[in-house]
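Visitor: I would like to learn how to read the features of a protein model. Could you take me through them one at a time?
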Amino acid sequence: MKMHLNFTCFTVSMIAAGCGATDKTKTLPLETADLQAELSAQAASEAVSAAAGGDVDGASGLGLASHLDSSSSASPIKSLSRTCVQQADGSALVTITSEISSEKTSGNAKVSRSNKLLGKSVETRTWSNSGGAVSCSSGERAQINWKGALSGYSLKVHLERDRQQTMTQSNLAKNISISRSRSFSVLGDRTVSLVSYSEDSAAGVSIQEKQVSGKMARSFKFIDKNGQEQSGSITTESVGDPMSIKVRRSLSSKEVVSREIVSGTRLSTAADGSKVILSFTNFLMKGEGESCEPQSGSFVLKNTDASGAAAKDVTCTADSGSLSCVDSAGASVEIENPSCDPIDGK
């Protein structure tokens, strides 16, 4: 896949040392396709993270408190504290401070994946209701009447997050592997509107529908396939209507079964004006945390360089844990599965 992009916001360097020679820094050309794959992966994972906003707050009303226990030695959540304080204006302010460390290997007949993740985050969620005050439950959660009139509720989320990740993903059918070491920091805000809540007793799930919008700034570094460190930044925001999200949760265990981005478009812009536009159609991520994987649906990537010149579009279709991606010429493209952060939804 040939792309002609000008990412002037990124820097690369490699220390080259020879016997008896003085160390020196050698700058090498940046491979655009490798950078574009990184931008695509981060933009897709940001959309999946945004889809998780607000789907379990008020959990005590649905019996979820026990499921969110982070004391298990197997849990990736090494520390988590949350407080809820009712504000003078009737809103409820929830503050969540957390630290994670996880190492997970998963796979199926099509794809294998290993993922190491660690970092910390601080998130504030301000719940309000046009129909009255929002109270706190046990000093930890906003008390939301999920089975009542949800249209009056609104949620403002402010997120500050740092992560370090090492990922290897292998397409077993094609014998192709993707490896990446990256670190990134996220800072920004999301707005969540609750649309509806229902239960499907035959399927054994509850279904929550919501809309999510907002803007996130992300600075990052990653190691490319030549061992060089790349660094840069992108800003991701909603385009047009908010993302339409559908969350399915087991009625018995209360665990997340899936999160589906029914529709929505996200624009990621690099510092030099290069852009990646993601548009989703019924894109469903099965499971949650470090065990989530793409199950069905699709998304389209549209790439432009700083001058506005377009590269080939890429369409990715999810199928039972893996992505199958092709460009507009029909050529196969390997793109990393979106990841789910263990803290999302907590």
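Guide: Gladly. A charge sits over a ring if NZ of Lys or CZ of Arg is within 6 Å of the ring centre and within 35 degrees of the ring normal. Here R218 lies over the face of F184, at 4.3 Å from the ring centre. Please keep in mind that this is a predicted model, where local features need pLDDT of at least 70, side-chain atom pairs count only at pLDDT 80 or more, and totals for chains, interfaces and linings use all residues. Residues are numbered from 1 along each chain as its sequence is written, and side-chain values use heavy atoms, with hydrogens and water left out.

Visitor: How many helices and strands are there in the protein chain?
Guide: Helices (H or I, at least four residues) and strands (E, at least two) are DSSP runs, numbered from the N terminus. The protein chain has one helix and 17 strands.

Visitor: What share of the protein chain do buried residues make up?
Guide: Buried means under 20% relative accessible area, exposed over 50%, and partly exposed in between, with a 1.4 Å probe and protein chains only. Of the 346 residues in the protein chain, 46% are buried. The accessible surface comes to about 15,200 Å², and carbon and sulfur atoms hold 49% of that. These areas come from the Shrake-Rupley method with a 1.4 Å probe; for residues, only the protein chains shown count as cover.

Visitor: How do I read a pair of aromatic rings?
Guide: A pair of aromatic rings is described by the distance of the centres and the angle of the planes. Rings of Phe, Tyr and Trp (its six-membered ring) pair if their centres lie within 6.5 Å; planes under 30 degrees apart count as stacked, over 60 as edge-to-face and the rest as tilted. This rule gives five aromatic pairs. In one of them, the ring centres of F280 and F299 are 5.6 Å apart with planes at 50°, so the pair is tilted. F280 belongs to strand β13 (residues 275-286) and F299 to strand β14 (residues 293-304), so this pair ties together parts that are 19 residues apart in sequence. Both F280 and F299 are buried.

Visitor: Is the pair of F283 and F299 stacked, tilted or edge-to-face?
Guide: The centres of the F283 and F299 rings are 5.2 Å apart and the planes stand at 80°, so that pair is edge-to-face. F283 lies in β13 and F299 in β14, so the link is between parts 16 residues apart in sequence. F283 counts as buried because its relative accessibility is 0%. Together F280, F283 and F299 form one aromatic cluster.

Visitor: In which sense do β13 and β14 pair?
Guide: Two strands pair if DSSP finds at least two bridges between them. β13 and β14 pair in the antiparallel sense, over 10 bridges, and S279 stands opposite V300 in β14. Their hairpin has six residues between the strands, and G287 takes a positive phi near 80° there.

Visitor: Which strand comes next in the pairing with β14?
Guide: That is strand β15 (residues 314-319), which pairs with β14 in the antiparallel sense over four bridges. V300 stands opposite T315 in β15. β15 in turn pairs with strand β16 (residues 322-327), antiparallel over six bridges, with C316 opposite C325 in β16. The hairpin of β15 and β16 has two residues between the strands, and S320 takes a positive phi near 50° in it. β16 also pairs with strand β17 (residues 332-333), antiparallel over two bridges.

Visitor: What is a nonpolar core, and which residues touch the most other members of the largest one?
Guide: In soluble globular proteins, nonpolar side chains tend to be buried together. A nonpolar core is a set of buried Ala, Val, Leu, Ile, Met, Phe, Trp, Tyr and Cys residues joined through side-chain atoms within 4.5 Å. The largest one has 53 residues, and W127, I144, L194, L278, F283 and F299 touch the most other members. Its largest share, eight residues, comes from helix α1 (residues 32-51).

Visitor: Which residues does F299 touch?
Guide: Contact means heavy atoms within 4.5 Å. Leaving out residues up to four places away in sequence, F299 touches L278, S279, F280, F283, V314, T315, C316 and L323.
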